[in-house]
Amino acid sequence: MRLPCPICGDRDRREFYYQGHATMLNRPSADAGTATWDDYLHNRENPAGETRDLWHHEAGCGAWIVVTRNTVTHEVSGAVLAEKAKT
Amino acid sequence: MVKLIARTACAGLLPKTIGTITLAEIAAAPVTLIAPHRGQKKATSDALKAAVGVGFPAPNRCVGIAPRAMWCGKDQALLIGVGCPELRGTACIDHSDAWAIVQIEGADAVAVLSRLTPIDLRATEFKAGHTARTLIGHMTGGITRLGSQSFEVMVMRSMAGTLVHDLTQAAENIAARAVNAR
Ligand SMILES: [Zn+2]
């Protein structure tokens, strides 16, 4: 599996650390309430199809990226820097 | 007054010749990590160019010879071989003696490094002046192509022994295959 780092180009999966779904970028406000925070911290969709994940190019440029991939076909269709990702 | 004896990162470990390749330590001081603050990359590059003749390198590139500027991560580069000039809007951190840098040279250099790193080192993909932050065995580090059969491999100084061990092991394995093929 290779991931398209926007800075380094296609790189081996071993260079990356997996964080989880990109919803992690949508941090609720501090006073959003326990239900919202519980949902943010613990609940995730389990999609059959396209999903967006946060990966860290740990053994590379050090950027956090959002990778779009398909859980059914295993296709990796793109990646953007997390700082530029639309959440 | 205590007199401290300076030791390079790979002192006592290199140089070595194994099969077709040689391993030699590169003494690179001074080295400064340069990280422009947000929005300052162009200004930093211009100031660098005016002061020492090399600009801030593009990602995965190394520019200049002496001095040179080597990209080493997102919005970061190493200025090597010259003291760091005054750079406004830029974090500048002394990395002299912080890195173990080994030059590997010879006909099997690509074959040896390919045992240790997942990146594509073929000359059509990874040309002179190209650099990459990547894995070297279990370590994170940098690989830069210097010439057709010559590369520079760098890891943090604390891992110098492991770097020499891993390069030696890979080179011995490649050399053993050559003996068997005769
Ligand atoms: Zn990268």
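Along the chain, the donors of the zinc ion are spaced as C-x2-C-x48-H-x3-C; donors here are N, O and S atoms within 2.8 Å of the metal (3.2 Å for Na, K and Ca), and with water not among the atoms, sites may look incomplete. The model is a predicted one, in which local features need pLDDT of at least 70 and side-chain atom pairs count only at pLDDT 80 or more, while totals for chains, interfaces and linings use all residues. Residues are numbered from 1 along each chain as its sequence is written, chains are lettered from A and ligands numbered from 1 in the order in which they are written, and side-chain values use heavy atoms, with hydrogens and water left out.

Holding the zinc ion are C5(A) through SG, C8(A) through SG, H57(A) through ND1 and C61(A) through SG, at 2.0 to 2.5 Å. The angles between the four donor atoms run from 103 to 116°, so the arrangement is tetrahedral (for four donors, that takes all angles between 85 and 135 degrees). For four tetrahedral donors, the ideal angle is 109.5 degrees. C8(A) counts as buried because its relative accessibility is 13% (buried is under 20% relative accessible area, exposed over 50%, partly exposed in between, using a 1.4 Å probe and protein chains only). H57(A) and C61(A) are buried too.

What about disulfides? C62(B), for one, is in no disulfide, and the nearest cysteine sulfur, from C72(B), sits 10 Å away. C62(B) is itself buried, at 14% relative accessible area.

R11(A) belongs to strand β2 of chain A, residues 9-12 (strands are DSSP runs of E, at least two residues, and helices runs of H or I, at least four, numbered from the N terminus). With a relative accessible area of 6%, R11(A) is buried. Its side chain makes a polar contact of 2.9 Å with that of E15(A) (a pair of N or O atoms within 3.5 Å; within protein, one must be able to donate a hydrogen and the other to accept it, and residues adjacent in sequence count only if both atoms are side-chain atoms). The R11(A) side chain also reaches the backbone oxygen of R133(B) at 2.8 Å. Setting aside neighbours within four places in sequence, the residues in contact with R11(A) include the zinc ligand H57(A), as well as N60(B), I119(B) and T134(B) (contact means heavy atoms within 4.5 Å).

Note on methods. Disulfide = S-S within 2.5 Å. Tetrahedral: all angles 85-135°; square planar, octahedral: opposite > 155°, others 65-115°.
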